[in-house]
Amino acid sequence: MSSRLEVAFNRTVVEYFRKTSLNGFGLLYFIRKRRVQRLFWFSFICCGLFFAGYSVFAMILDLLDSSTITDLSERDLGALQLPSVQICSGYRFSKRKMQQYTQMLANSTGKSLGYWWQKIHLLEGYMDPLAVEAEEAKELQESLGFRDVRSNLLNLTPACVSLILKCQQNGATIDCSEIFHLQATNYGHCCVLRDRNITGELSLSLDTSQEDAIPMEKSRSLAGFHLHISSWLGRVTIGQGEKSLVEVNVMELEANSELLEYPVDRRGCHFPHEGVGREKCLQNCRLKASLMNCQCVPYPFERDAKLKQIYCTLEDIACLQMVEVNWSPNQCPQCLPLCNQMLYSLHKSLLGYMHPFRSSLVLRFRAPRWSNYAQDKHYHWYHILCKAQGSYASSSSPNLPLYFPANIGGVLGICIGCSLISGFELIYFMVFRFWSNFRQQQ
């Protein structure tokens, strides 16, 4: 039985080398009596096989290491609406409202109005724990005698109608209260642009007179406004008497749904059903740090009543200061951006100056087009066997090489003249011809 298999195998190999379409392999049969030439061609073919194997292995490693590719294109803005801009005043409390609040405290506690006016600035510790002394804040909390101070903080800040005096959309005057609302944010109490269809150009007249400002001893306030975009880190400052043009730059991240088969750490982003965006994730991570160290929820986060969480007060300032100093976004490596989202950034241009009690602001998009970064697979299965589309050859991602790595078909074709037909040819000889030669043996 073994001799029949051996004879059938030898005949099949000889027949394969005689009839194969691979370049050079047939010479091993036809020049079998010329040992020097046969040795040369055998060595040459072995070198080709070695180089092809090495190149294919290196290409597979490159595929596993750089499994995704990012392609850059541009799109028209069209009727894209302005993002949710946060306009925050340089001072955080209204002098008139604080006077009324201290008068109410003096009437209800029996302590003098001067005492409360001297201590009331410590309320800023709710929004900026590092701006106050922990011991003084704790004494104020004990003097207050109640713990629901945070419920009054929003009522102690200047209203949006007193900060934003006039609003115009594309030259037409509109009611500022209809497009802005006061909201507690990580940057203090800010006037946030409502989720409305605000397109084109938005012109605002801002009050920078500081007439209603209350001086804070250790506050990091400024005589003006600062603007924030919810999906971008950074801000733009509007000073007193400035005529400013603030342009919004748009960038879109778009990922192919086929990337779901890759792990999150490889594609570097979350799909909506996998997690929240980076900014929201960082807020939750910071909230967990406060809950873990201080066992309370800091301002302006909302507590979960089902988990019996409590709000932080001025008594917890020392602990919150420790969290503020030691916490860093690097402690939250799981916070990744969304795979499909719009990112915005602000760019300020100074147009001139006006009366120091007023400032004007024009908000619009920077360009009629935005950048689109489309993330897709670096290779599909058919790209490995044949040459890929040219768009993948010019990658705009800085993490990937600018050249397109050789594919399996090209490497094997150059080194040993192999193609897809050669593979089926090898299967044909090693299966059907081998079985035929085996049956012919007695």
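I began with D207, which is buried at a relative accessible area of 17%. I kept in mind that this is a predicted model.

**Entry 1: the partner of D207.** I looked for what D207 pairs with, and found a salt bridge to the side chain of R358, at 3.1 Å from N to O. I noted R358 as partly exposed, because its relative accessibility is 32%.

Entry 2: Is T208 buried or exposed? I found it buried, with a relative accessible area of 1%. T208 is placed in the loop between β7 (202-207) and β8 (224-229). Leaving out residues up to four places away in sequence, I listed its contacts; among them are F225, Q240, F357 and R358. I also checked the C-alpha atoms of T208 and Q240: they are separated by 5.6 Å, though the residues are 32 apart along the chain.

**Entry 3: other salt bridges.** How many salt bridges does the structure hold? I noted 10. One of them joins R369 and D76, at 2.7 Å from N to O. R369 is in strand β13 (residues 369-377) and D76 in strand β1 (residues 68-76), so this pair ties together parts 293 residues apart in sequence. D76 counts as exposed at 51% relative accessibility, while R369 counts as partly exposed at 39%.

I then turned to R364, which forms a salt bridge with E201, their closest N and O atoms being 3.4 Å apart. This pair also links distant parts of the chain: R364 lies in strand β12 (residues 358-365) and E201 in the loop between β6 (188-193) and β7, 163 residues apart. Both count as partly exposed, R364 at 31% and E201 at 29%.

**Entry 4: helix α6.** Last, I looked at α6, which covers residues 134-144 and includes E142. Which residues of α6 are buried? I wrote down A134, A137, L140, Q141, S143 and L144. Their cover includes α4 (95-109), α5 (113-119) and α12 (317-326). E142, by contrast, counts as exposed, at 52% relative accessibility. I found E142 in a negative surface patch together with E135, E136 and E139. A helix reminder for myself: residues three or four places apart point the same way, because an α-helix has 3.6 residues a turn. Just past the end of α6, I noted that G145 takes a positive phi of about 80 degrees.

Key: Residues are numbered from 1 along each chain as its sequence is written. This is a predicted model: local features need pLDDT of at least 70, side-chain atom pairs count only at pLDDT 80 or more; totals for chains, interfaces and linings use all residues. Side-chain values use heavy atoms; hydrogens and water are left out. Patches are made of residues with over 30% relative accessible area and no salt bridge: like charges are joined within 9 Å, nonpolar side chains (Val, Leu, Ile, Met, Phe, Trp, Tyr) within 5 Å. Accessible areas come from the Shrake-Rupley method with a 1.4 Å probe; for residues, only the protein chains shown count as cover. A salt bridge is a side-chain nitrogen of Lys or Arg within 4 Å of a carboxyl oxygen of Asp or Glu. Lys and Arg count as positive and Asp and Glu as negative; His and the chain ends are not counted. The place of a charge is taken as NZ of Lys, CZ of Arg, CG of Asp or CD of Glu. Helices (H or I, at least four residues) and strands (E, at least two) are DSSP runs, numbered from the N terminus. Buried means under 20% relative accessible area, exposed over 50%, partly exposed in between (1.4 Å probe, protein chains only). Contact means heavy atoms within 4.5 Å.
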